Amino acid sequence: MKENILQKLPGIQKKVLLKDYATYKIGGPAKYFFIARTKDDLIAAVKAAKKSKLPVFILGGGSNLLISEKGFKGLVIKIDISGIKFQGNKAVAGAGAGLTKLAYLSGDNGLSGLEWSAGVPGTLGGAIYGNAQAFGTKICDTIERIEAINLKTLELKSFTKKQCQFSLKNSIFKKNKNWVIVSADLIFQNKAIKEIKNKINEFLEYRKTRHPIDFPSAGSTFVNPELKIKNKKLLEKFPELNEYNKKGVIPSGFLIAKSGLAGKKMGKAQISEKHSNFIINLGGAKAKDVLSLMNLAKEKVKKNFGITLETEVQLVGFKKSN
Ligand SMILES: Cc1cc2nc3c(=O)[nH]c(=O)nc-3n(C[C@H](O)[C@H](O)[C@H](O)COP(=O)(O)OP(=O)(O)OC[C@H]3O[C@@H](n4cnc5c(N)ncnc54)[C@H](O)[C@@H]3O)c2cc1C
């Protein structure tokens with residue numbers, strides 16, 4: 001069937017380079033590309049893709065993605081539904097709202113809950129999808145309700161927090177990719193504006209000193225495993241593990257660094273020397289270089305610690321991905 005999506009969707013673009021929409025600065029073309037600024041835009045795009053039988057990929061801030069040079073042979077819908085409305089200690093925000101902007105705006109209103117997310121270059125929708133978190137706080141701690149639309153049936157549904165099935169870096173939206181998050185009802189704690197701003201600055205300073213933010217990346221490559229290591233030999237060799245065992249979380253960066261991979265390069269991709277859970281683009285890195293480093297880190301950590309690392313970064317345009 002001939003694709004007639006171009007006539008059906010005003011504003012649609014062809015052959016848009018996805019590296020321009022990904023913090024990694026890696027990625028080939030989207031066959032079609034559309035920016036949804038309203039819920040109606042999104043519905044129109046989903047309908048048009050359905051009629052043209054095109055696969056759809058939902059893009060937020062592109063900050064948790066590794067996109068292959070082959071790109072995506074369907075319609076990429078960038079969610080730019082970004083309105084934010086505060087009322088009392090609550091807010092309704094579009095899925096395309098930027099996390100950093102949300103953190104500052106809520107702070108200006110004396111609302112605490114998103115301080116951890118200042119400096120995260122993603123959108124609210126992307127954060128909900130992967131239950132983003134930092135400094136002991138998760139996006140789900142601020143969520144009351146989510147509105148989402150189903151790509152297959154076009155059903156519009158309001159999810160309670162419980163129905164979102166939030167868990168470690170996971171949600172119903174990651175498990176069932178047919179749901180596209182449109183907006184979220186957020187709930188905050190009232191605090192002094194100064195206290196919130198100080199916390200934001202403290203977290204930003206931490207990111208600046210500990211993370212390789214001067215290079216393109218997609219943030220943490222792997223989820224920090226929530227488990228305890230019981231192997232006596234390992235506990236003797238790496239005494240830090242006793243401390244991590246107390247918290248019940250082992251930083252993936254620690255496991256990768258202790259596997260001797262800090263600074264390891266493949267082409268123009270490198271496991272950061274500053275933080276080993278970041279794989280950085282030194283300039284002109286290929287997706288396959290990053291992928292090779294991911295596989296190497298997984299292999300070595302499994303061999304050295306018996307732990308299977310779970311990749312946090314979402315893969316797009318590879319054989320086993322979208
Ligand atoms: C410098 C840096 C720092 C970071 N710090 C953190 C951190 O502290 N904590 C943390 O958890 N992560 C962090 N990240 C990773 C990333 O920024 C977050 O996971 C972010 O929430 C991803 O949002 P996004 O909009 O960029 O999603 P994208 O990367 O665009 O997409 C990620 C996934 O979400 C899906 N998605 C996006 N929007 C929607 C939607 N509206 N509906 C349904 N699915 C959707 C996409 O299809 C894709 O599968 C960091 C990344 C960088 C580069």
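A backbone N or O atom of Ala 127 lies 3.2 Å from an oxygen atom of the ligand. For Gly 126, a backbone N or O atom is 3.5 Å from a nitrogen atom of the ligand, and a polar backbone atom of Gln 133 is 2.7 Å from a ligand nitrogen atom. A polar contact here is a pair of N or O atoms within 3.5 Å. The protein covers 93% of the 960 Å² of accessible area that the ligand has on its own (Shrake-Rupley method, 1.4 Å probe).

This is a predicted model, in which local features need pLDDT of at least 70, side-chain atom pairs count only at pLDDT 80 or more, and totals for chains, interfaces and linings use all residues. Residues are numbered from 1 along each chain as its sequence is written, and side-chain values use heavy atoms, with hydrogens and water left out.

## The shell around the ligand

There are 33 residues around the ligand, and Ile 58, Gly 61, Ser 63, Thr 123 and Lys 169 come nearest. A residue is near if one of its heavy atoms lies within 4 Å. By class, the shell has 17 nonpolar, 14 polar and 2 charged residues. Ala, Val, Leu, Ile, Met, Phe, Trp, Tyr, Cys and Pro count as nonpolar, Asp, Glu, Lys and Arg as charged, and the others, Gly among them, as polar.

At least two shell residues come from each of β3 (56–59), α4 (124–129), β9 (133–134) and β13 (179–187). Helix α4 gives the most, with 4 residues. Helices (H or I, at least four residues) and strands (E, at least two) are DSSP runs, numbered from the N terminus.

## Packing of α3 and α6

Helix α3 (residues 99–108) packs against helix α6 (residues 193–210) at an angle of about 155°, with the axes 8 Å apart. Axes are lines fitted to C-alpha atoms, for helices over the stretch in contact, and angles run from 0 to 180 degrees between N-to-C directions.

Key: Polar contact = N/O pair within 3.5 Å; in protein donor to acceptor, adjacent residues only side chain to side chain.
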